[in-house]
Amino acid sequence: MDKKNKKETRKRNKYLSGLLFMLIGAACGVLMAIYLEAISKSDMPLGEYIFVFCLMLIAMYVAAFLQIIIHEAGHLVFGLMSGYRFLSFRIGNLMWIKENEKIRFRKMSLVGTDGQCLMCPPDMKDGKIPFFLYNLGGSFMNIISSLIFAGVYFLCKEIRYLSFFLLLMSVVGIGVAFMNGVPMQLGSVDNDGYNAKSLGKSSAALRSFWVQMKISEQIAKGLRLKEMPEEWFGIPEEDEMQNSMTAAMAVFYENRLMDQHEFEEAGKLIDQLCSMNTAIVGLYNNLLACDRLYCELIGDKDEQVINNLRTKEQLKFMKQMKKFPSVLRTEYTFSLLYEKDMAKANQIKEQFEKCTATYPYTSDIESERELLQIADEAAKVLGK
C-alpha cells in the first residue's frame, strides 16, 4: 500500500472511529431521553429536573472513565494470565509504575491514548510468545463488564437512577470494546485489534513486539537506550516496514542514535524514513520530527529545513505534548538557537524541570538533560 492509500485508510478509520463514538453518544442520548421522559411525567420541579439532566450528562463521562479503567485492567488481568509481569498502569496522565519492587505514582500522557498498561513479556520460545490475550484483554474485559452491568440492571430495574447508570455502563463498555477491538489504524496510534492482527501475521513483528516490551522494562529500571543490548536495535528490511510493529524498530534505532549523540546519522535516518513508504504510526512520526528539528538546530540550521519541519500539524502535536521531555527539549533548542529568545528558552527550561518531578522514566530525563546541555554549548559558541 502506497503513502496516499495509507493516508486515505487512516482518514477513513478516523471517520469510522468518529462514527462509532457518535453512535455510542446517540445510544446514551436515547437512554437519557427515555429516563427523562419518565421523570417528566412526575411532579418534579423544573429546577430539580434540570439538576437530574446535568447529573445524567456527568454520568456519561463517569461511565466512559470507568470503562477505560476496566479496559486497561483487562490488559493487566489477561496479561498476567499469559505470563506477563506488571510494569505500569496509566489512565489519562495518571500513571502507576513499578520501580525497585515498589509501585510509585507518576504523570505522563501520550496523544491518541486514553490509557496504557505496559507489562514485561515472558521469554520467547521458538520465536513465539503469547500475545492475543494481552492485546485484546482490554476489549474482552469491556464486553464481560457490559454483560455483568446488563445483568445487574435487570435485578435493579425498579431503582430508577441506578438502573440508568448500569445501562449506561453496559452501552459505553460495548462501544469501547468495539473501538479498541475492531482492527483500525488511527491518526496517532494503531488500536489493540490492529496490533493483534499485525502480530499474528508476522514472526518479525512478534519479535519486534517482544523487543519493544523489553526496552520498556529496561527503561523503567533506569537503563538508557545506549546501555541496552545492541542486538535489540536495527533497521528492518523495507518490506518489513509495512508492518507498524516492525516499523517501530527503526524509530527505536533512531532514538538510540540520539542517546549516543550520533546526530548526523540520526538526521539522515529520519530523512530516509520520511522518504520511504512505511507503517510508522503518527505518534512516532511526530516525535521523529522533533528529533530531526533538534539535529538541524544544533547542526546546519538550514532555515528551509526548519520551516518545513514546523508544519501546522507538527506544531499542533507539540502543543498537545507540551509536557513531554523530548518536545520541551526541542522547543527549548528552537527558542535558544533559532529565535535567540533567552527569556522564552528559560521559561521552557523551567517547564522541563517541573515535568521531571513526576515523569516516570529517569533514564529519559538523564538523556534529555544531556541534549539540553549540548544546545547550551552550541549557544555559547554562537555568542562568541
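# A chat over the model

Visitor: Is arginine 329 buried or exposed?
Guide: Arginine 329 counts as buried, because its relative accessibility is 2%. Here buried means under 20% relative accessible area and exposed over 50%, with partly exposed in between (1.4 Å probe, protein chains only).

Visitor: Good to know. What sort of model and numbering are we using?
Guide: This is a predicted model, with residues numbered from 1 along each chain as its sequence is written. Local features need pLDDT of at least 70 and side-chain atom pairs count only at pLDDT 80 or more, while totals for chains, interfaces and linings use all residues; side-chain values use heavy atoms, without hydrogens and water.

Visitor: Back to arginine 329, which helix is it in?
Guide: Helix α12, residues 325-338. Helices (H or I, at least four residues) and strands (E, at least two) are DSSP runs, numbered from the N terminus.

Visitor: And which side chain makes a polar contact of 2.7 Å with the one of arginine 329?
Guide: That is glutamate 368. The side chain of aspartate 291 also joins arginine 329 in a polar contact, at 3.0 Å. A polar contact is a pair of N or O atoms within 3.5 Å; within protein, one must be able to donate a hydrogen and the other to accept it, and residues adjacent in sequence count only if both atoms are side-chain atoms.

Visitor: Which residues make the contact?
Guide: Among them are Phe263 and Ile270 of α8, and Asp291 and Tyr294 of α9. Contact means heavy atoms within 4.5 Å. Asp291 and Tyr294 are also in contact with arginine 329.

Visitor: Nice link! Now the sheet: what is the strand order?
Guide: β3-β2-β1-β4, an open, antiparallel sheet of four strands. Its edge strands are β3 and β4. Two strands pair if DSSP finds at least two bridges between them.

Visitor: How many bridges join β2 to β3?
Guide: Six, and isoleucine 97 has arginine 104 in β3 as its bridge partner.

Visitor: Last one: where is methionine 228?
Guide: Methionine 228 lies in the loop between α6 and α7, and it is buried at 3% relative accessible area. Its contacts include Ile215, Phe233 and Arg256.

Notes
Lists of a residue's contacts leave out its neighbours within four places in sequence.
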